[in-house]
4 protein chains.
Amino acid sequence: MPRRMTIRIFITGGTFDKEYNELKGELFFRDTHVSEILELGRSKVDASVTTLMMMDSLHMTAAHRRIILDNCRMAREDRILVTHGTDTMVETAKFLAKAKLDKTIVLTGAMIPYKFGSSDGLFNMGSALAFVQALPHGVYISMNGKCFDWDNVRKNRDVGEFEEIRRRKSL
Amino acid sequence: MPRRMTIRIFITGGTFDKEYNELKGELFFRDTHVSEILELGRSKVDASVTTLMMMDSLHMTAAHRRIILDNCRMAREDRILVTHGTDTMVETAKFLAKAKLDKTIVLTGAMIPYKFGSSDGLFNMGSALAFVQALPHGVYISMNGKCFDWDNVRKNRDVGEFEEIRRRKSL
Amino acid sequence: MPRRMTIRIFITGGTFDKEYNELKGELFFRDTHVSEILELGRSKVDASVTTLMMMDSLHMTAAHRRIILDNCRMAREDRILVTHGTDTMVETAKFLAKAKLDKTIVLTGAMIPYKFGSSDGLFNMGSALAFVQALPHGVYISMNGKCFDWDNVRKNRDVGEFEEIRRRKSL
Amino acid sequence: MPRRMTIRIFITGGTFDKEYNELKGELFFRDTHVSEILELGRSKVDASVTTLMMMDSLHMTAAHRRIILDNCRMAREDRILVTHGTDTMVETAKFLAKAKLDKTIVLTGAMIPYKFGSSDGLFNMGSALAFVQALPHGVYISMNGKCFDWDNVRKNRDVGEFEEIRRRKSL
């Protein structure tokens, strides 16, 4: 296990942080719940949380991705976790990978809003925090306990899961 | 990220699996909830769960640890997760490490029973599953999002957390 | 306390039973969760649950209300609980009251879907089941632990609560 | 439905308020969670909460019951809810009933601690609050959505439920 490191968590929104407006009966964004998730999970990892945006990833443009990339580049930490909507998570991973930063960047998200008693948010946050500590520099997507290389993953919209594009060759 | 691997999960009990007997008002063990936790967390990791014992780790003897070791040795998988009470987790980690198996073995547990709406169980399971996939062969303890080498960790009973015995030297 | 009675529960939908479609990120109806709520609450009340419809109460027409009324009239039980969306609950209560059935009919609902870890569903169900057992014949709305006569209640949309139209005179 | 009334809630402890000490792995009492339960259930009932004691009802003596009775008598409200351990709830109900106060007093409890994600606490609190508003003066026990007269109820320890001693005659 490598030495203790500080982790930077960038929030961009996504299902993770959707809430239910009980007056209108609609879903919306307000604040991030990531700090709350870390507290509930009793995380003792040295991490600082910064909200970059709070949006549905379907509405993300190149401008938004540039903001994420700029923040990854400028962060003094070389271990970065990005919470992100699942719909265009792969696209953002590619965008970040092309910049070839010398950092470990892990994107993660949730299929069910944390506020809906979601368990996949807590579980995914636990996995993603572990992968970002343990993996060599590169860009990854962590979902459902798995970790994918940025260039070998797609979201299977029919089942709501991420999967590899091609089978890896055995070592 | 290494190739996809199958993970073996050995259950030994611990707070993770304690339940509340509502007729007697006492805590007790019945079945493991690890499969339930994996389902709630929507884990898609290829894992098989085997219950070895279901006990408070304060009552574990060398005989129990030998059972855990034998099962780790005989498992065809080289990625093994062991759920364990936190009180003697470090002792079991040492016992397993001395056998120098050529495997990655991660021990994890919880401070609050899963059945009590515990979030640290889900979070810890997410982290431990990630570490067991990502780390090189060796024996580790994964708690609170952190991962410790077996020979550099102790449980701080006053605060209920695991901590390093000595600071690592920076790389 | 009156003698033990059987209670009939009619389901019409409403926020109570909304679910989150994780593939589409939208809210929708599937099955009712009322039996699940009763089980979680460990209700031992003698009650039978019948689903009449599963809809947003904003879309309810006179035809739907007639179905509810007909079922209330035909039920052999004289203690009836109706789960209902909050938006037009008052309208349905008036519709039922005009039929002057010799029964105790209590309408209740929730502000947050049960599946979102809602606690007001459990609490409201507990209250409504109690009121339907304890109150004399008539039509009532039970929300937030309170009970309102059908002709002295309105939904305050700004705060998402039900309130009396006029203050009652003290006894 | 009678006019709006203020309700007094007296806390005496019981399973409702048990917590899990994660350092010792034991159950213990700290503060009451009743206000938290009312908030989660979005109760809008006019109620004030007073903690009289915080104990396992197995350890209650006549002196404790006298404290409860004195507080019921001195309260300016005539609608009183008492949270109580289930083991001797019937005994306390009898003790209170003998004083023949001209008030509606409802005792309620839980089989599972609220902090363990208990749903019966929320449900029972919803029911008990409704019964205390709706029933004529007298002493009652409200559990599992049912309400029992103080002189016709016993706890069935084998199944952990309250039941009538004799069947009521039909009206």
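In this predicted model, helix 4 of chain A and helix 4 of chain B cross in a right-handed manner, a term used when the near helix is turned clockwise from the far one by less than a right angle. Both helices span residues 120–134, and they pack at an angle of about 35 degrees with their axes 7 Å apart. Axes here are lines fitted to C-alpha atoms over the stretch in contact, and angles run from 0 to 180 degrees between N-to-C directions.

**The helix contact**
- Residues of chain A in the contact (heavy atoms within 4.5 Å) include Leu122(A), Phe123(A) and Met125(A), and those of chain B include Leu122(B), Phe123(B) and Met125(B).
- The residues of this contact divide into 14 nonpolar, six polar and no charged, where Ala, Val, Leu, Ile, Met, Phe, Trp, Tyr, Cys and Pro count as nonpolar, Asp, Glu, Lys and Arg as charged, and the others, Gly among them, as polar.

**The fold of chain A**
- Chain A has four helices and ten strands, which are DSSP runs numbered from the N terminus (helices H or I, at least four residues; strands E, at least two).
- Along the sequence, these elements follow the pattern β-β-β-α-β-α-β-α-β-α-β-β-β-β.
- Buried residues make up 59% of the 171 residues in chain A, buried meaning under 20% relative accessible area with a 1.4 Å probe, protein chains only.

**How to read the values**
- Local features need pLDDT of at least 70 and side-chain atom pairs count only at pLDDT 80 or more, whereas totals for chains, interfaces and linings use all residues.
- Residues are numbered from 1 along each chain, chains are lettered from A in the order in which they are written, and side-chain values use heavy atoms, leaving out hydrogens and water.

Definitions and conventions
Buried < 20%, exposed > 50% of the residue type's maximum accessible area, 1.4 Å probe, protein only.
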